[in-house]
Amino acid sequence: MATIQIKRRTTAGTGPLTGTSGSVRVGEPLVDIGGEHLYIAKANKTGTSVNPLAAADYVAFPSVTKVNGQIDTKINALNLGTAATRNTGTGSGNIPILDSSGKLVDTIIPKIAITNTFVVATQSAMLALSTAQEGDIAVRTDLNKSFILKTNGFSTLANWQELLTPTDSVQSVNGKTGTVTISLSELGGVATGTYNTHVSSNLHLTQDQRDIIAGVINSRIAGAGGVSYISSLDAYNSAVIPAGLKLFTEVDTTYTPNRIYYRLGIDTDKVLQPSSIIDGGTY
C-alpha cells in the first residue's frame, strides 16, 4: 500500500522544513499551521551542511488571510492606495477616467461657469459681445438695467434675460429721481416762512387751550438746610406745632408761565424768644 508523507509544523516557528537535517520527497506537502502556508517539495532532497534544505526547494501556497495581507502590503509599498481596488466607470464607487481632452466628462462634474461682466451703452453692443458665455452679465448704461445670458448665443436678444429689481423699492419722490431735495411747497404744504411763523405763534391753539396754558403756574417750595422729611401724614401731625406756620405767596411774572413762591415761617407766638415771659400760673 502506498504511503503518503505529510510534514506538519504547528508552533515551532514558521515556514517549510529547512536546514542541514531532514529530507523531503518530490510532491510531498508540508503544512505550516502557524504561518498559514502549504509547501510542496519540488524534488527529493536531504539536507546537508553543504546543501541544506531551503525555501527555494518548495512551491508555497499561502492561505486567503495571508494572500490578502500580502496584497495590502504590496499596494502600500507601491503607494497605490485604495484606488487600486476600485473599478473605473461612472457608477457608484467607481473611479472616473479622463476623456480624450484630458478632462472629466460633464456627467461626472458639471461645467463651472465663470461670470464676466460687460458694460455696454446700446443693445447692438450687447448683441456683439462675441466672448460672452452662458451666465455672463451685460450692464446697459442706456437703460440702467442689467441682462444675463441665459443660454449660449450672444447675438440673439431672446437669450438675454433682464435681471429684475425689487418692486417695493422707492422709484421716485414727488416725481423726482436721483438725489432728491424736496421743499414744503413741493409737497403741497405751506411755504417754509409761513410754517415757521405759525409754529412761533399761538394761532394753532384754540382759546380753551390758550386759557389752560395761561393758568399753568410753575410753583416751588424751598427749605433751608437741615430740613427733615416725614414719611406719613400721622407722623407729620404728631411732629409739628398746630397752626405754627405762616404762609406767604409771591408770584414772579418774569417767568413764562409765571412762577409762584410759597414762603413758610414759624409763628413767633408758638415759640419762646428772648423777650418771651413765662407765667408759672396761680397757686
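This is a predicted model: local features need pLDDT of at least 70, side-chain atom pairs count only at pLDDT 80 or more; totals for chains, interfaces and linings use all residues.

Reader: What makes the span of helix 1 close to the expected one?

Author: Helix 1 covers residues 64–77, which is 14 residues. The expected span is 1.5 Å times one less than the number of residues, and for helix 1 that comes to 20 Å. From its first C-alpha to its last, helix 1 reaches 20 Å, so the label follows from the rule.

Reader: Why is the contact between D57 and K45 called a salt bridge?

Author: The rule asks for a side-chain nitrogen of Lys or Arg within 4 Å of a carboxyl oxygen of Asp or Glu. In D57 and K45 the closest N and O atoms are 2.9 Å apart, so the pair meets the cut-off. D57 lies in the loop between strand 5 (45–46) and strand 6 (58–62), while K45 belongs to strand 5, so the bridge ties together parts that are 12 residues apart in sequence.

Reader: How do you know whether D57 and K45 are buried or exposed?

Author: Buried means under 20% relative accessible area. D57 has 18%, so D57 counts as buried. K45 has 15%, so K45 is buried as well.

Reader: What makes K246 and D267 a salt bridge?

Author: Their closest N and O atoms are 3.7 Å apart, and the limit is 4 Å, so this pair qualifies too. It links distant parts of the chain: K246 sits in strand 12 (residues 245–252) and D267 in the segment after strand 13 (259–266), 21 residues apart. By the same rule the count comes to 6 salt bridges.

Reader: Why are strand 1 and strand 6 said to stand at the edges?

Author: Four strands form an open sheet in the order 1-3-4-6, with mixed pairing. Strand 1 (7–9) and strand 6 each have a single partner strand, so one side of each is left without a neighbour in the sheet.

Reader: How do you know that strand 3 and strand 4 pair?

Author: Pairing takes at least two bridges. Strand 3 (residues 29–32) and strand 4 (residues 37–41) have 4, in the antiparallel sense, so they pass. L30 stands opposite Y39 in strand 4. Helix 1 packs on this sheet, touching strand 4 and strand 6, and its direction makes about 90 degrees with that of strand 6.

Definitions and conventions:
Residues are numbered from 1 along each chain as its sequence is written. Side-chain values use heavy atoms; hydrogens and water are left out. Helices (H or I, at least four residues) and strands (E, at least two) are DSSP runs, numbered from the N terminus. Buried means under 20% relative accessible area, exposed over 50%, partly exposed in between (1.4 Å probe, protein chains only). Contact means heavy atoms within 4.5 Å. Axes are lines fitted to C-alpha atoms, for helices over the stretch in contact, and angles run from 0 to 180 degrees between N-to-C directions.
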